[in-house]
Amino acid sequence: MTGGPGPQQLTWAPTDGRWAVVVMNTDGGRPVVADLSAGVTAPGLHRVWIGLFVGAGIAVVAGAALVAFGASSRSHLATGRSPS
């Protein structure tokens with residue numbers, strides 16, 4: 001829990017369950033002005049990012065090969081010659 005005027009920082013180790021953040025004046029009066037931001041760390045996210053990057057690279061190469069193969073087959077059909 002933090003309190004007082006000026007910038008505040010809360011470092012918190014979450015547990016399972018539901019969470020809520022309450023921002024209010026200590027006397028319950030209005031107005032309440034707050035500029036909030038949050039940040040998290042996700043150590044396993046690096047592996048997910050690498051997997052998605054590699055998968056996208058494979059998809060691009062496979063897509064390029066399919067387009068090249070399709071264009072090559074179509075040009076042979078248009079000329080009436082068999083591919084050699």
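User: What makes a residue buried or exposed here?

Analyst: Buried means under 20% relative accessible area, exposed over 50%, and partly exposed in between, with a 1.4 Å probe and protein chains only. The model is predicted: local features need pLDDT of at least 70, side-chain atom pairs count only at pLDDT 80 or more, and totals for chains, interfaces and linings use all residues. Residues are numbered from 1 along each chain as its sequence is written, and side-chain values use heavy atoms, without hydrogens and water.

User: Why is Val 21 called exposed?

Analyst: Its relative accessible area is 72%. The cut-off is over 50%, so Val 21 is exposed. Val 21 sits in the segment before helix 1 (45-79); helices are DSSP runs of H or I, at least four residues, numbered from the N terminus.

User: Why is the pair of Trp 12 and Trp 19 called edge-to-face?

Analyst: Rings of Phe, Tyr and Trp (its six-membered ring) pair if their centres lie within 6.5 Å; planes under 30 degrees apart are stacked, over 60 edge-to-face, the rest tilted. Here the centres are 5.2 Å apart and the planes at 85 degrees, so the pair is edge-to-face. Trp 19 has 55% relative accessibility, so Trp 19 counts as exposed.

User: What makes Trp 49 and Phe 53 a stacked pair?

Analyst: The centres are 5.6 Å apart, with 10 degrees between the planes.

User: How do you know whether Phe 53 is buried or exposed?

Analyst: Its relative accessible area is 59%, so Phe 53 is exposed. Trp 49, at 52%, is exposed too.

Terms used. Helices (H or I, at least four residues) and strands (E, at least two) are DSSP runs, numbered from the N terminus.
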